[in-house]
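Reader: I would like a close look at one part of this chain. Please start with the charged surface, then move on to the charged pairs and the backbone.

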Amino acid sequence: MVLEATMICIDNSEWMRNGDYSPNRFQAQADAVNLICGAKTQSNPENTVGVLTMAGKGVRVLVTPTSDLGKILHCMHGLEVGGEMNLAAGIQIAQLALKHRQNKKQQQRIIVFAGSPVKYDKKILEAIGKKLKKNSVALDIVDFGEEDSGKPEKLEALLTAVNNNDSSHIVHVPSGPNVLSDVLISTPIFTGDGEGGTGFAAAAAAAAAGGGSAYDFGVDPNLDPELALALRVSMEEERARQEAAAKRAAEEASKEGDSHQARRMQL
């Protein structure tokens with residue numbers, strides 16, 4: 001069982017408003033981050049996870065590596081979307097946060113979500129990758145959203161520079177009907193190295209596939225009440241968002257119908 005400290009770098013740039021991933025890029029990313037955090041803390045009780053954002057007014061650490069899943073999930077609420085992603089600064093600050101982790105026995109890992117253009121050239125990214133490798137920091141990259149400006153090639157170059165014994169990974173997730181978190185569930189980014197998938201990952205995969213389970217989300221609330229509660233809250237929030245969106249759509253349709261009716265009355 002891997003003992004690990006992980007920093008997750010979130011792309012909260014203006015590009016995250018796009019709706020080519022359901023329900024939009026930012027929310028699809030947030031749901032995936034929540035599941036990854038749950039998988040990491042579930043696989044080993046001494047694992048820690050931290051989160052930072054890479055856009056807005058600058059890179060901002062939302063929470064330093066902690067094993068408190070509730071604290072991790074709470075920091076995701078109310079995040080502002082805007083500006084451009086600063087990938088290089090995000091990775092460097094994540095590395096700094098891992099360097100100051102309390103348990104030095106933990107292996108170090110950074111997970112980057114990149115859903116907007118990468119403005120840096122290959123040489124800069126390769127230099128960052130080599131520095132990570134020198135400091136024994138693994139890197140996982142989730143490439144989604146924009147594919148222009150040679151973004152996939154740049155991210156592949158970054159991965160090649162940092163990769164050591166296949167400890168780092170990259171997943172390219174095209175837009176479409178598949179939910180971002182569903183795609184990641186079956187990848188090493190979610191399941192971890194050589195673990196064959198954690199119990200959490202297997203439960204989440206079963207839930208995503210509609211598999212039957214005696215418990216909500218495949219998690220026994222008696223064994224892990226905190227995780228079960230976090231998943232239930234996340235699902236209820238998603239249901240509330242969908243209901244609010246449907247209500248807004250219905251109200252807009254009703255207003256449009258009333259305006260058409262008023263115009264006919266005037267004629």
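Author: Glu147, Asp148, Glu153 and Glu156 form a negative surface patch. A patch takes residues with over 30% relative accessible area and no salt bridge; like charges are joined within 9 Å, and nonpolar side chains (Val, Leu, Ile, Met, Phe, Trp, Tyr) within 5 Å. Lys and Arg count as positive, Asp and Glu as negative, while His and the chain ends are not counted. Each charge is placed at NZ of Lys, CZ of Arg, CG of Asp or CD of Glu.

Glutamate 153 sits in helix α5, residues 151-162. Helices (H or I, at least four residues) and strands (E, at least two) are DSSP runs, numbered from the N terminus. Glutamate 153 has a relative accessible area of 44%, so it is partly exposed. Buried means under 20% relative accessible area, exposed over 50%, and partly exposed in between (1.4 Å probe, protein chains only).

A word on the model. It is predicted: local features need pLDDT of at least 70, side-chain atom pairs count only at pLDDT 80 or more, and totals for chains, interfaces and linings use all residues. Residues are numbered from 1 along each chain as its sequence is written, and side-chain values use heavy atoms, with hydrogens and water left out.

Now the charged pairs. The whole structure holds 7 salt bridges. A salt bridge is a side-chain nitrogen of Lys or Arg within 4 Å of a carboxyl oxygen of Asp or Glu. One of them joins arginine 25 to glutamate 146, with the closest N and O atoms 2.6 Å apart. Arginine 25 lies in helix α1 (residues 25-43) and glutamate 146 in the loop between β5 (137-144) and α5, so the pair ties together parts that are 121 residues apart in sequence. Arginine 25 is buried, with a relative accessible area of 2%. Glutamate 146 counts as buried too, because its relative accessibility is 14%.

Arginine 109 pairs with glutamate 4, the closest N and O atoms being 2.9 Å apart.

The relative accessible area is 4% for arginine 109 and 1% for aspartate 140. A network of salt bridges links Glu4, Lys40, Arg109 and Asp140.

Next, the backbone. Most residues other than glycine have a negative phi, and most peptide bonds are trans. The bond from serine 22 to proline 23 is cis, with omega near -10°. Proline 23 is in the loop between β1 and α1. Asparagine 165 has a positive phi, near 55°. Its place is the loop between α5 and β6 (169-173). Asparagine 165 is exposed, at 74% relative accessibility. Aspartate 166 also has phi near 55°. Aspartate 166 lies in the loop between α5 and β6 and is exposed at 59%.

Last, the whole chain. It has 9 helices and 6 strands. Of its 267 residues, 46% count as buried.

Conventions: Accessible areas come from the Shrake-Rupley method with a 1.4 Å probe; for residues, only the protein chains shown count as cover.
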